[in-house]
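Subject: Structure handover

Hello,

Here is the structure for your files. My notes on it follow below.

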Amino acid sequence: MQHTTTPDPADRLGSGDIARALLWTVVVASGLANMAASFGDADTWVHLVCGAVTVLCVGTLVVRNLRGRR
């Protein structure tokens with residue numbers, strides 16, 4: 001006798017979870033890039049780009065969190 005189970009819908013990884021994980025990954029990566037630019041004595045525009053990416057991703061995470069509470 002073959003035993004088959006159907007996956008629980010709650011166990012599935014949704015697109016919102018994937019987006020949140022990617023946003024957090026970009027936040028960490030841009031923070032590390034900014035830190036490396038500081039140690040490497042990079043130009044100011046490198047710091048500005050890293051900071052802008054970080055701010056945009058953090059802002060997106062905050063907006064998604066606030067909308068999810070409704």
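Of the 70 residues of the protein, 10% count as buried, that is, under 20% relative accessible area, with exposed meaning over 50% and partly exposed in between (1.4 Å probe, protein chains only). The protein exposes about 5,900 Å², and carbon and sulfur atoms supply 63% of that area; accessible areas come from the Shrake-Rupley method with a 1.4 Å probe, and for residues only the protein chains shown count as cover.

This is a predicted model, in which local features need pLDDT of at least 70 and side-chain atom pairs count only at pLDDT 80 or more, while totals for chains, interfaces and linings use all residues. Residues are numbered from 1 along each chain as its sequence is written, and side-chain values use heavy atoms, leaving out hydrogens and water.

The secondary structure comes to two helices and zero strands; helices (H or I, at least four residues) and strands (E, at least two) are DSSP runs, numbered from the N terminus.

Helix α1 has 25 residues and reaches 36 Å from its first C-alpha to its last, close to the 36 Å expected at 1.5 Å a residue. The expected span is 1.5 Å times one less than the number of residues. Just after α1, D41 takes a positive phi of about 55°.

In α1, L23, V27, S30 and A37 are buried, and the buried residues of this helix pack against α2. S30 lies in α1 (residues 15–39) and counts as buried because its relative accessible area is 7%. Leaving aside residues up to four places away in sequence, S30 touches C50, V53 and T54, where contact means heavy atoms within 4.5 Å.

On the surface, V26, W45, V49 and V53 form a nonpolar patch with about 350 Å² of accessible area together. Patches are made of residues with over 30% relative accessible area and no salt bridge; like charges are joined within 9 Å, and nonpolar side chains (Val, Leu, Ile, Met, Phe, Trp, Tyr) within 5 Å. Helix α2 (residues 44–68) gives the largest share of this patch, three residues. W45 is found in α2 and is exposed, with a relative accessible area of 56%.

The count comes to one salt bridge, defined as a side-chain nitrogen of Lys or Arg within 4 Å of a carboxyl oxygen of Asp or Glu. The side chains of R20 and D17 form it (3.1 Å, N to O). Both residues lie in α1, three residues apart, about one turn of the helix. R20 is partly exposed at 41% relative accessibility, and D17 is partly exposed at 30%.

Regards
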